[in-house]
Amino acid sequence: MLLNRAQAKLHLGVAIPTALLTLVCLAFYVRESLEAGKPVGGGSGSGLICGIVAGLVIVFEMGLWPRKALRRLRLLPTKYWLAAHIWLGLASLPLAIAHCGFHLGGWLPATFMVLFVLCIVSGVYGLVVQNVLPRYMLRNLPSETIYNQIDYVSEQAVKDARQMLLTACGRNLSREQAFEEEPELEGVSTHTIVIGALRQAGRTRGRTLETQRVAEARGDRETLWTALSEIEPFLLRGDAAQTPVNNRQQASQWFSRLRSACSEDGQSVIDILEGMCDQRRQFDIQATLHRWLHTWLAIHVGLSVAVSVLLAVHVWTALKYW
């Protein structure tokens with residue numbers, strides 16, 4: 001859930017009552033602890049109240065899961081559930097600490113508290129990455145594409161690069177990959193090629209196209225085809241392939257040497273190849289950030305389930321020995 005000015009009214013409407021409830025519970029706890037001369041535990045009146053409130057919050061937090069499964073019932077809008085999920089979850093931690101009297105006790109409460117803290121930390125981490133990474137990607141990854149179509153778009157980039165060399169240089173006579181189905185273009189000084197890939201998001205489909213004008217560079221045919229053969233693995237697999245252009249700085253040096261080895265006519269082709277490598281490099285960054293953005297959820301859910309189970313066991317044992 002995004003935290004921004006547009007959502008300030010929503011979050012304040014949840015955060016302020018939550019903070020007041022938490023402060024009231026903690027005030028009772030502090031008062032009773034001062035009267036006792038030491039931090040009281042869960043058996044005290046205020047400690048029990050803090051524990052009950054924290055337990056109810058945990059039950060509510062887990063309610064977000066079935067809420068998503070029952071979204072067709074049109075219960076409270078999801079944004080309100082998420083806002084309450086965030087602020088009540090944060091408030092439950094000091095209440096739980098007060099309930100345990102600032103000591104872990106036996107193995108069950110100790111395990112519960114450790115997992116509970118980890119659950120809160122994972123939730124905060126998820127909140128941070130959900131607010132930071134999408135903005136970073138929008139600002140720094142202009143070539144970002146749909147995550148599950150990165151491989152397809154990369155394959156299309158290789159096809160575009162080969163077509164560009166066919167257009168500008170002609171067939172690569174030193175390789176078997178001659179593209180017999182493509183006619184060789186003769187007698188044209190400059191050519192316009194269209195680069196792009198069909199992309200789909202849900203039921204929406206579209207082809208992102210870019211028109212590039214390249215000069216005829218038949219004198220650099222062998223050099224440019226050799227260069228493409230070296231960077232093709234990177235365009236297809238990114239950092240998983242060992243090529244001279246994996247690293248941005250090394251790629252800059254490699255393309256500088258390539259420019260020196262080619263005539264002026266081949267410079268426009270090199271510019272496009274360098275742009276394709278930069279696009280693939282952005283895809284790799286996007287894939288890494290995508291994993292950061294989504295992997296935390298599995299960890300957070302797993303910890304939440306473990307905390308819920310231990311909470312049930314804790315309540316049962318507390319009632320058993322009451």
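Neighbours within four places in sequence aside, Leu141 touches Tyr136, Gln282, Ile285, Gln286 and Leu289, contact meaning heavy atoms within 4.5 Å. The model is a predicted one, with pLDDT of at least 70 needed for local features and 80 or more for side-chain atom pairs, while totals for chains, interfaces and linings use all residues. Numbering runs from 1 along each chain as its sequence is written, and side-chain values use heavy atoms, with hydrogens and water left out.

Leu141 sits in the loop between α5 (107–140) and α6 (150–168); helices here are DSSP runs of H or I with at least four residues, numbered from the N terminus. With a relative accessible area of 3%, Leu141 counts as buried (under 20%; exposed is over 50%, using a 1.4 Å probe and protein chains only). One of its contacts, Gln286, lies 145 residues away in sequence, yet the two C-alpha atoms are 7.5 Å apart in space.

Ala251, Trp254, Phe255 and Leu258 are the buried residues of α8. They share one side of the helix because they cover an arc of only 95° around the axis, the arc being taken from the directions from the helix axis to the C-beta atoms. That buried set packs against α7 (221–237) and α9 (267–320). Gln249, Arg257 and Ser260 are exposed on the face of α8 turned away from the buried side.

Definitions and conventions:
Helix = DSSP H or I, 4+ residues; strand = E, 2+ residues; numbered from the N terminus.
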